[in-house]
Amino acid sequence: MVNIVIFGASGQLGQCLKRVVESEGIESVYFPPESEANILDNIALKNAFDKYKPAYIVNCAAYTAVDKAEDDAEMALKVNKTGVENLSRLCVEYNSTFIHISTDFVFKGDEPTPRTETDATKPVSVYGQTKLDGEQVIEEMLLQYFIIRTGWLYSEYGNNFVKTMLKLGSERNELKIIADQAGTPTYAIDLAACIMQIITSKSTAYGVYHYSNEGITSWYDFAKAIFDISGTQVKTIPVKTSEYVTKAMRPAYSVMDKSKIKQQFGMEIPYWRDSLITCIGRLQQL
């Protein structure tokens, strides 16, 4: 039996993976709590690998507070690089394939064309740099790995843009939303299904891949879609990034080319608005 272990199981993507695994009836997938699988705790990690002897691990654990990372660079580096190094070392020892979730923030985002896996990286934030550091650790230490870059994740779980907009939209009469940053909203359930498809394919086409839903939009149009689909009545005002100052810089154009993952795995990727309709429908049923 092939064992699969999910690290960071309590986070948004970890919970989505659990749902996909249950709905598809996939066996021998384990979701240890952080107390048993903290990626900064080498003893706990060693015990987890001894217990499960995983053929695959999926690392959903990450420091993702983009603005906070600017002032907390040491912890962001520990989680996003050192934690990845700890997992990589054990993957070598146990001959496990490492599936790691990375981000569109490894790119500067100043070119108006979708980024491919071979494009030059140039992070403009501490978060982006530490995630790139983690990618480089994996590439240096391992042969058997899949690095999946994604962005604009949302779902029914955890804290994300969709849930924040629904909350604010119910509390306020108007909202100012950034309109000059482009990207693709990604339903974490779709990403979870992608990860499980890669694992169950037993592919050895290791390397870096890009995954998001299909299409391109702005944060403003994303918010408008959330309100339209949910029937939320709130006035939305488009603003420029320069009017909404944050500690960390964001890529202005965060769209990723997904040709590689579609061709390699025969993957059909849903359009972002279709997945958003599904997610909001599920949220309204909660």
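Modeller: On a 1 Å grid over the protein atoms alone, a pocket is an open set of points with protein on both sides within 12 Å along at least five of seven lines, a cavity is a set where a 1.4 Å probe fits but cannot get out, and lining residues have an atom within 4 Å of a point. Points are joined across faces, edges and corners, and a volume is the space filled by probe spheres set on them. The model is predicted: local features need pLDDT of at least 70 and side-chain atom pairs pLDDT 80 or more, while totals for chains, interfaces and linings use all residues. Residues are numbered from 1 along each chain as its sequence is written, and side-chain values use heavy atoms, without hydrogens and water.

Colleague: How much space lies in the second largest pocket, and which residues line this pocket?

Modeller: The second largest pocket holds about 160 Å³. Its lining consists of M1, V2, I4, I26, E27, A55, Y56, I199, T200 and K202. Seven of these are nonpolar, one is polar and two are charged (Ala, Val, Leu, Ile, Met, Phe, Trp, Tyr, Cys and Pro count as nonpolar, Asp, Glu, Lys and Arg as charged, the others, Gly among them, as polar).

Colleague: What is the volume of the largest cavity, and what lines it?

Modeller: The largest cavity has a volume of about 30 Å³, and its lining is D104, G151, W152, T184, S212, S254, V255 and M256. By class, three are nonpolar, four polar and one charged.

Colleague: In what order do the strands of the open sheet lie?

Modeller: Strands (E, at least two residues) and helices (H or I, at least four) are DSSP runs numbered from the N terminus, and two strands pair if DSSP finds at least two bridges between them. Here six strands follow the order β2-β1-β3-β4-β5-β10, with parallel pairing. Because β2 (29-30) and β10 (207-210) each have a single partner strand, one side of each is left without a neighbour in the sheet. Four bridges join β5 (residues 145-150) to β10, and I148 has Y209 as its bridge partner in β10.

Colleague: How is the packing of two helices described?

Modeller: One gives the angle between their axes and the distance between the axes. Axes are lines fitted to C-alpha atoms, for helices over the stretch in contact, and angles run from 0 to 180 degrees between N-to-C directions. Helix α1 (residues 12-24) packs on α8 (residues 188-201) at about 65 degrees, with the axes 8 Å apart. Contact (heavy atoms within 4.5 Å) involves residues including L13, L17 and V20 of α1 and A192 and I195 of α8. Twelve nonpolar, one polar and one charged residues make up this contact of α1 with α8.
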